[in-house]
Number of protein chains: 2
Amino acid sequence: MAKDFVESTHQENHTCQIALMPAGRKGKVPRGSNLLKVAEELGVELESICGGRQTCGKCQVVVEEGHFPKHGIASSADHLTPPTAREIEYSQEHRLQGRRLACAAEVLGDVLISVPEESQARKQVIAKAASERTIEIDPAVRQVYVEVRPPDLSDPSGDWERLQEALEAQWDLKGLSMDSGVLATLQSDLREGNFAVTVNIWQEREVLRVLPGYHEGLYGLAVDIGSTTIVAHLCDLRTGAVLATQAAMNPQVRYGEDLMSRVSYANSEPQGLSRLHRGIIRTLNELAEKATQDAGLIPEDILDAVIVGNPVMHHLFLGIHPRELGSAPFAPAVSAALDLKARDLGLNFHPASRLHTLPLIAGHVGADNVAVLIAEAPDEQDEVTLIVDVGTNAEIVLGNRQRLLAASSPTGPAFEGAQITHGQRAAPGAIERVRIDPQTLEPRIKVIGYDAWIIPGADLPHEARATGICGSGIIEAVAELFLAGIIQPDGLFDASVAERSPRVRYQGRTGEYVLADESLTATGLPVVVTQNDIRAIQLAKAALYAGTKLLMNHWGAERVDQVLLAGAFGSFISPFHAMVLGLIPDCKLEKVMAVGNAAGDGARFALLNRTLRLKAAGLARWVEHVSTPLESSFQDEFVAALGLPHARDPFPTLQAFLPKPSASAKQGHRNRIREKHQASL
Amino acid sequence: MAKDFVESTHQENHTCQIALMPAGRKGKVPRGSNLLKVAEELGVELESICGGRQTCGKCQVVVEEGHFPKHGIASSADHLTPPTAREIEYSQEHRLQGRRLACAAEVLGDVLISVPEESQARKQVIAKAASERTIEIDPAVRQVYVEVRPPDLSDPSGDWERLQEALEAQWDLKGLSMDSGVLATLQSDLREGNFAVTVNIWQEREVLRVLPGYHEGLYGLAVDIGSTTIVAHLCDLRTGAVLATQAAMNPQVRYGEDLMSRVSYANSEPQGLSRLHRGIIRTLNELAEKATQDAGLIPEDILDAVIVGNPVMHHLFLGIHPRELGSAPFAPAVSAALDLKARDLGLNFHPASRLHTLPLIAGHVGADNVAVLIAEAPDEQDEVTLIVDVGTNAEIVLGNRQRLLAASSPTGPAFEGAQITHGQRAAPGAIERVRIDPQTLEPRIKVIGYDAWIIPGADLPHEARATGICGSGIIEAVAELFLAGIIQPDGLFDASVAERSPRVRYQGRTGEYVLADESLTATGLPVVVTQNDIRAIQLAKAALYAGTKLLMNHWGAERVDQVLLAGAFGSFISPFHAMVLGLIPDCKLEKVMAVGNAAGDGARFALLNRTLRLKAAGLARWVEHVSTPLESSFQDEFVAALGLPHARDPFPTLQAFLPKPSASAKQGHRNRIREKHQASL
C-alpha cells in the first residue's frame with residue numbers, strides 16, 4: 001500500500017497537466033515533452049512549415065495568465081522551458097510580444113495554452129462573405145521546410161535521395177516523385193540554402209519546387225471559363241485569401257456568341273479549333289499575369305490551378321474538338337476530373353504547376369455545374385433548392401440531400417446584354433436598375449458608377465449618363481414594363497397605353513419604351529427597350545424556366561423551397577423582378593438569394609481544399625442529368641413559359657403585385673404566342 | 001455405388017483432356033472451354049494483342065496430328081469447334097496453313113496442342129548472340145487492342161471513361177491515367193476505328209497512345225552515352241529484335257576529351273552547361289532519326305527509351321550541372337532511376353514517350369556500370385568475375401553472387417587512340433592487329449577494311465594502306481614490342497636492340513618503332529610507336545590495373561576466375577595482349593572474354609524487360625562502390641602497375657611467353673619508374 005503511494009507520487013512528479021484552448025483538449029504528458037508534439041497528440045494540430053525547427057514561427061501559442069482551472073497555477077509561464085536563443089531571435093525580429101513558439105518549448109509543469117486561430121492547422125476560413133460558408137484550408141500543394149543531410153564521402157547517395165530521406169523523416173512523406181524541372185537546380189538550391197530548403201509537394205506524391213532556405217508564399221489560381229467572360233481568382237493557398245481577381249472577355253466571342261456557333265466554327269474552319277483553344281490559353285496567361293501583378297507576384301508563383309467551365313469551354317480549353325458535344329449523343333471526350341501539368345497546355349505558370357479540371361456531369365452539363373454544387377452544397381441541405389447559374393448557357397440544379405438533378409439550357413446571350421438594342425456589358429454607364437411608376441409610366445434608373453436614382457430631366461454629371469442597358473437592367477426594365485401594364489402578359493406593348501405616355505412609341509406596328517431620353521445619355525441618343533428586346537428576354541427566360549420545370553417534374557417537386565441565383569451577374573439580379581419575369585418559379589421571396597459567381601467560387605473552393613475535388617468526382621457521378629432538349633415535354637413547357645410570368649403556372653407570391661389581365665386578353669396572349677412560336681420553327 | 005459410377009461417367013463425358021506442348025502442361029477442362037483461356041489456366045500464356053477478338057492472330061497454335069499419348073486420338077482436329085468466319089478470313093489472308101487461333105476454338109474433346117515459340121507470351125529471346133543470354137520480353141510499355149462501347153444518349157460518360165471501362169473489362173487494367181496528349185485526338189481516334197482502338201500503356205499506369213483500329217508495332221530506344229561515343233539501339237519491344245543501331249561521336253568531345261575537362265568547361269563557361277546538355281539531346285535526336293529511318297519508321301514511333309551513361313554524362317543529359325561530380329564528396333544530384341517524359345528533355349520521340357534512366361551507384365560509378373551488371377549478371381555467378389568496361393573512363397566491377405564491388409578509373413582517352421602520335425579512332429585504315437617477330441623484329445599488321453595480314457614491302461591496294469593506329473592496335477603493338485624485347489619491362493626502348501634493326505630509331509634520347517613504313521601508309525609517312533605513346537598506354541593501363549587491384553584487395557580475392565572485357569572496343573582487344581600489357585590481372589586465358597558494348601546491352605535489356613529495371617535499382621544499392629582515388633594504397637598500386645606486365649604481381653599464365661629480364665635490369669626498371677612518377681607529381 002505504502003509502496004503503491006510512493007510510485008504514484010513519483011509518477012505525479014513526472015507528468016504534467018496540459019489544457020489547450022479554445023479546443024478544450026486536456027491531457028497528462030511526461031515532463032519535458034515538446035509542446036508542438038503534445039498539442040498534436042491531443043488532437044490540436046498546429047500550423048508548421050518548418051516542422052519544429054523554430055524557423056517559420058507558425059506555431060505561436062499564448063501561455064495564458066491566471067489559474068489553471070483545476071490546479072490553481074499562478075504563472076504557468078514558468079512551467080515551460082525558457083525561450084531558446086533561436087526563439088528569442090525570432091521573437092525579437094517578429095515582435096511576438098510574449099507569445100511562445102510551441103516547437104521551442106518543453107512542458108515542465110501544468111499549463112493552460114491558448115492557440116490563436118492563425119496558429120491552427122487546417123484552418124476553417126470563411127470562403128464566401130455572402131453565405132458565410134467555411135471551408136478547411138487543405139490545398140493539393142503543400143509547402144514544407146526541411147533540413148537535408150549534406151553529402152558525405154562515405155555515402156554515395158544523391159541530393160535527391162537525401163532530400164527524399166529528409167522529407168520522410170521530418171514530414172512522413174514517402175515514395176515521392178519529382179517534376180523533371182526540379183532536377184536541374186536541385187543541387188544548387190540545396191547548397192544555396194546550406195542544405196535547408198522549402199519544398200512544394202503535390203498530393204503527397206510529387207515534388208514540384210525546391211527553394212533555398214526558408215520560404216513562405218504558396219499561390220494558386222481558380223478559373224471559371226464562361227462562354228462570355230473568363231474570371232480568375234488568385235488565392236493564397238495558406239490563408240485562403242483571394243489576393244486578386246481579374247476578368248476578361250472570352251476571346252472566342254468573336255467566333256460566335258453562343259456555344260453552338262463556336263462548335264460550328266470549329267467544325268467548318270480548318271484552324272478553328274486551334275484558334276478557339278489558343279485564345280483561351282492566351283487569355284488565361286494574361287489574367288494570370290495581371291492578377292499576380294496586382295498581388296506583387298509573378299505568374300511563376302502559381303503552383304496549382306483549378307479550371308471549370310461548361311463542356312464546350314472545358315473541351316476547347318483542353319484542345320479537344322467540341323464536335324461531339326454539338327449533336328446527339330453528346331459524348332464528351334472525357335468527363336472525369338483531370339490532373340495535368342499547366343505547362344502541357346501552354347500556361348505560363350510555374351513550369352511544374354499542376355492543373356485540375358473538375359469533372360463534367362454529362363456532355364451538356366459541365367464542370368461549371370459541378371463547381372456550383374461544390375460552392376452551394378445543395379447535397380447537404382434538406383430544402384429543395386433550385387440553383388440557376390444565369391449566363392449565355394444556363395446551368396440548372398434542383399434537389400437536396402436525397403436527390404439532385406442537373407441540366408443546362410441554352411438561354412443565349414440576351415441576359416448578358418447581347419441581342420438587346422441598347423444592350424451592353426455590366427460596366428460604368430450601364431443602366432442596372434429600373435423602376436417605372438404604374439401611374440405616370442415615368443421611369444427611374446440607376447447607372448453603374450453613379451450611386452443614386454436618376455429621374456427624367458435631372459442635371460447629371462457626365463459619368464452618370466447612361467450608355468446602354470446591362471443584363472440586370474433589361475430584366476428589371478421588362479418586369480417593370482409588365483408591372484406597369486405597358487406590356488401585356490404575352491410581352492406585346494399594349495397599344496392603348498401609348499396614348500397615356502409619350503415614352504411609349506410605335507415604330508410602324510411595333511412598340512418601344514424610352515427608358516432614358518437624350519438628356520440622360522452619354523451618346524445624346526435615347527436608350528429604349530424595343531419589342532424585339534422583350535421578345536429576346538422572353539425566349540431566354542422561357543428556355544430557363546422550361547429547363548427548371550422539367551427538372552421539377554423529374555424530381556416530383558411541386559414547388560421549390562429556395563432559389564439561388566448564380567452567375568457572373570447573378571448577384572445583381574433583383575429576385576422580385578426575376579420572378580415577375582417568370583425567370584424562376586414561384587418561391588418565398590426571402591428564399592431567393594443571389595450567390596454571385598458560384599462556379600468561380602466552386603473552382604476556388606476546390607483549389608483550397610483537395611477533399612472537395614474528391615467530393616466533386618463523387619457528385620458528378622451521383623447527380624442525375626436531364627437532357628432538356630430531348631425531353632418530349634420541353635417544347636410545351638417552353639411555349640407556356642414565354643408568357644409573363646407564365647401562361648399557366650400560378651405565382652401566389654406575386655399575387656398582390658401583378659396586373660390583372662382580362663380573360664380575353666389572356667386567351668389572345670396564349671394564341672398569339674403559339675402562332676409566333678410555330679411560325680418560327 | 002451404381003449411382004456414383006453414373007455420375008462419374010457423366011462427368012467424363014463433359015470434360016476433355018488437354019495437353020500443351022512444349023510446356024508439357026496437361027489438365028481436364030469442361031467441354032466447350034475457350035482454348036486461349038484454357039491455355040492460360042494451365043499456365044501457358046499465349047501472346048495476344050487483341051485479347052481474344054480473332055484480330056491480331058498472335059495466339060496461333062498447331063493441333064498435332066497423331067495420337068494423344070494416353071488416349072489414342074486419331075485426329076484431334078475434330079476435337080475443337082470448326083473455324084469461325086472471322087478466323088477463316090484471317091487464316092486465308094495470313095496463310096495460316098492449318099494453324100488455329102486459340103481464341104477462336106473451343107475444346108470439344110481430348111486434344112494435343114503445340115504452341116509455336118512465336119505464340120508464347122513473354123517469350124525468352126536470345127538477347128545477345130555472343131553470350132547466348134536470354135531475357136524475357138516484358139517491356140514497360142504494353143500494346144493492347146480494345147473494343148469500346150459507343151456513346152449512348154442514356155449514358156453521359158465520356159470517351160475516356162468508356163475506354164477505361166473497356167481496358168478494365170478486357171485487360172484488367174485499372175485506375176489508368178493518361179498522357180495529356182491523348183486528350184486532343186481520343187474522340188476522333190475512337191470514331192475512326194469504329195470504337196476499336198489499339199492502346200499503349202506504360203507500367204499498367206498511364207495511357208500513352210491510342211491508335212484507331214488494330215495496330216502492331218511497338219518500339220523503343222536503348223542509348224549508351226559514352227564520353228566519346230553515343231550508341232543507340234532501336235528495338236522492337238514485342239520481339240526484342242534490334243532493328244537498327246546507330247552511333248555518333250559525343251559532340252561534347254570538342255569541349256574536352258575527358259570528363260574532368262568537360263566539368264571544367266561547364267564550370268567556367270556561362271553557356272557551358274547548356275551547350276553540353278543540348279549537344280547530347282541534339283545527337284540523340286539525330287540518332288533516333290537515323291535509326292528509325294533504317295527501320296522504315298519515324299522517331300514518333302518510339303514510345304520508350306532507356307538511357308545509361310557515367311555520372312557526368314547522366315547529369316549532362318538531364319541538364320544537371322556536373323560541378324558536384326568534379327570534387328569531393330562527389331555527390332550526384334540524383335542517383336535513383338528516373339522515369340521521365342522524353343519530351344521534357346526535348347527529345348523528338350512520340351510526344352508521350354517515356355524515358356527511363358538507370359540508377360547511379362555513386363558519384364563516380366554510373367548508370368553505365370549498372371547497365372554492365374544488368375548485361376553480364378555477375379551477381380548470378382559463383383565465379384569471381386572481373387568486368388572491365390574500357391573507355392575514356394573505365395568502369396570496373398568485381399565479385400560474384402556473394403558480393404559485388406564497383407569503381408571507376410579515369411584511364412583517359414589513350415585506349416581510344418587519342419594522345420597517341422598516330423592514334424585514330426577505329427575506322428577503315430586503322431591498324432588494329434600487330435605481330436612482331438622476336439627474331440627479325442619485323443612486324444605484321446592488320447588494317448581495318450582489309451582482311452589479310454600485311455607484311456613490309458607488300459604491294460597494297462589503296463584501301464589497305466594504314467592511316468594510323470586504333471585502340472586495339474596500340475595495345476597489341478606495345479605488348480608485341482615488349483614480347484620481342486624491343487622495349488623493357490619499364491617501357492623504355494632497349495638501346496641495344498636498335499643496333500639489330502633499322503625499325504628501332506632514336507630521336508635524340510627517346511626511341512620509336514616504325515610499325516608501317518611509308519610504302520604501307522596512305523599518307524606516305526611512316527606510322528610509328530613512340531616512347532611517349534608507350535608511356536601514355538602505361539599510364540592508362542596502370543590506372544585500370546590499380547583500380548582492379550584495389551577492388552581485389554577489398555573483396556579479398558587473390559585472383560579472379562574470369563575477366564569480361566566490355567566497352568565500345570572491348571570486343572576487339574586481344575585477351576592475350578591485354579594480359580601481356582598488364583591491363584588485366586592474371587587469369588586463365590580462355591576465361592578472358594570480350595563481351596562487346598555491355599553498357600549498351602544493359603540499356604537494351606532494361607528496355608525489353610521492366611523487371612530488370614527493378615533489379616537495377618536493387619543492384620545499385622547493393623553493390624559497394626570503392627572511391628579509387630581516395631584509397632591510400634592507390635598510388636602504390638598505380639606505380640607498381642606501370643611495369644610490363646607488372647612490377648611485382650606474378651602472371652603465371654604468361655610464364656612461357658614473357659622475355660626474361662636480367663635481375664639488374666628489373667631493379668633498374670623499378671627505380672626509373674618510381675623516379676619518373678615522383679617527378680611528375
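Buried area is the accessible area that two parts lose on being put together, summed over both. I begin with this term, and I note that the model is predicted.

**Entry: the contact between the chains**

I looked up the area buried between chain A and chain B and found about 3200 Å². Carbon and sulfur atoms give 59% of that area. On the side of chain A, L153(A), L183(A) and Q187(A) lose the most area to chain B, together 20% of what that side buries. I then looked up the residues in contact: chain A contributes 43 residues and chain B contributes 43 residues.

**Entry: polar pairs and charges**

I searched the interface of chain A and chain B for salt bridges, and the rule finds four. One of them joins R191(A) to E324(B), with the closest N and O atoms 2.9 Å apart. The rule also finds 19 residue pairs in polar contact across this interface.

I next asked which elements of chain A supply the side that touches chain B. There, α4 (159-171), α5 (180-192) and β16 (338-341) each supply at least two residues. The largest share, seven residues, comes from α5(A). I record the make-up of this side of chain A as 24 nonpolar, 10 polar and nine charged residues.

**Entry: chain A as a whole**

I counted 17 helices and 30 strands in chain A. The C-alpha atoms of chain A fill a box of roughly 105 × 60 × 55 Å along the principal axes. Of its 681 residues, 59% count as buried. Chain A exposes about 27100 Å², and carbon and sulfur atoms supply 50% of this.

Note on methods:
Residues numbered from 1 in each chain as written. Chains lettered and ligands numbered in written order. Predicted model: local features only at pLDDT ≥ 70, side-chain atom pairs only at ≥ 80, totals over all residues. Heavy atoms only, no water. Contact = heavy atoms within 4.5 Å. Buried area = accessible area lost by both parts, 1.4 Å probe. Salt bridge = Lys/Arg side-chain N within 4 Å of Asp/Glu carboxyl O. Polar contact = N/O pair within 3.5 Å; in protein donor to acceptor, adjacent residues only side chain to side chain. Helix = DSSP H or I, 4+ residues; strand = E, 2+ residues; numbered from the N terminus. Nonpolar A, V, L, I, M, F, W, Y, C, P; charged D, E, K, R; others polar. Buried < 20%, exposed > 50% of the residue type's maximum accessible area, 1.4 Å probe, protein only. Areas by Shrake-Rupley, 256 points an atom, 1.4 Å probe, with all protein chains shown as cover.
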